[in-house]
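Dear colleague,

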Amino acid sequence: AAAIRTIDGGATWTPMTIPGTDPNVLNYVAFPENSMTGYIGVYPRAGLGKVLKTTDGGDNWTEIAVGGALNWSRSCGMATDNIGVVVGNGGFVIGTTNGFESTAVQGPLTIADLTAAAFSPTDPLKGYLIGNDSMHGLIRHTDDGGASLWDSVTCWPVTAFHGVDVPTSEAAYVCGDSAGTGIILRSVSNTDFFKTTAPAVPPMHGVCFPVGSDTGYAVGGNAPSYSGFRPAFFWIEGVAEEK
């Protein structure tokens, strides 16, 4: 595992010292309120769910165990410096409202492997989980920070989802793989996503809308990124799962 930091706009990068000795994969990093508090999502190949946290801008990181001995985390998603979730294998979702000083199990209504989570910066209680089982990708939604069960979402049948972003309280995007072709979906309601008219590209692994829901970026495969695609939709009769 590796974690690096820049303080000169990317001209130079220096390693950060992170705890843990098992072969972790670090899948997420965020400083949710642009402050000194940040988080790293961990995929611990030796098991045991965990998240890394700093309160001094990355000078020091603390490893926080979440879940039980058989829980494997994959990533995390933070709405604020204190509110967020850790997600992982077998429908594993652990939420916190105090920066992981305490945690609570949340219900995603699935035993699929969950890969990522994101919340709206304009409404921290609104968020989405993405994951994959042996049949297809799936999405889950919350509008209360996961306090109640995460709601099922209907969407285009997708082989696997890899990335999620929630730029506003009204719009969310997910990206992934549809039988070897990249796919990008946009929400049209809290629990319905339609396929956008993105060009034919390799599987997409990340999506980001830095300011609002109009201009965005998606990356994946060995192809160049595509930006500013328009949220144009057509009606989809098939869905990945029924509500």
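Tyr 128 and Phe 193 are both buried, where buried means under 20% relative accessible area with a 1.4 Å probe, protein chains only. Please bear in mind that this is a predicted model, in which local features need pLDDT of at least 70 and side-chain atom pairs count only at pLDDT 80 or more, while totals for chains, interfaces and linings use all residues. Residues are numbered from 1 along each chain as its sequence is written, and side-chain values use heavy atoms, with hydrogens and water left out.

The search of the whole structure gives six aromatic pairs, a pair being rings of Phe, Tyr or Trp (its six-membered ring) with centres within 6.5 Å, called stacked if the planes are under 30 degrees apart, edge-to-face if over 60 and tilted otherwise. One of them joins Phe 119 and Trp 150, edge-to-face at 6.3 Å centre to centre and 65 degrees between the planes. Both Phe 119 and Trp 150 are buried. The ring centres of Tyr 128 and Phe 193 are 5.3 Å apart with planes at 85 degrees, so this pair is edge-to-face.

Lastly, Lys 195 lies over the face of Trp 156, 4.4 Å from the ring centre, and Arg 74 over that of Tyr 43, at 4.8 Å (the cut-offs are NZ of Lys or CZ of Arg within 6 Å of the ring centre and within 35 degrees of the ring normal).

Best wishes

Key: Buried means under 20% relative accessible area, exposed over 50%, partly exposed in between (1.4 Å probe, protein chains only).
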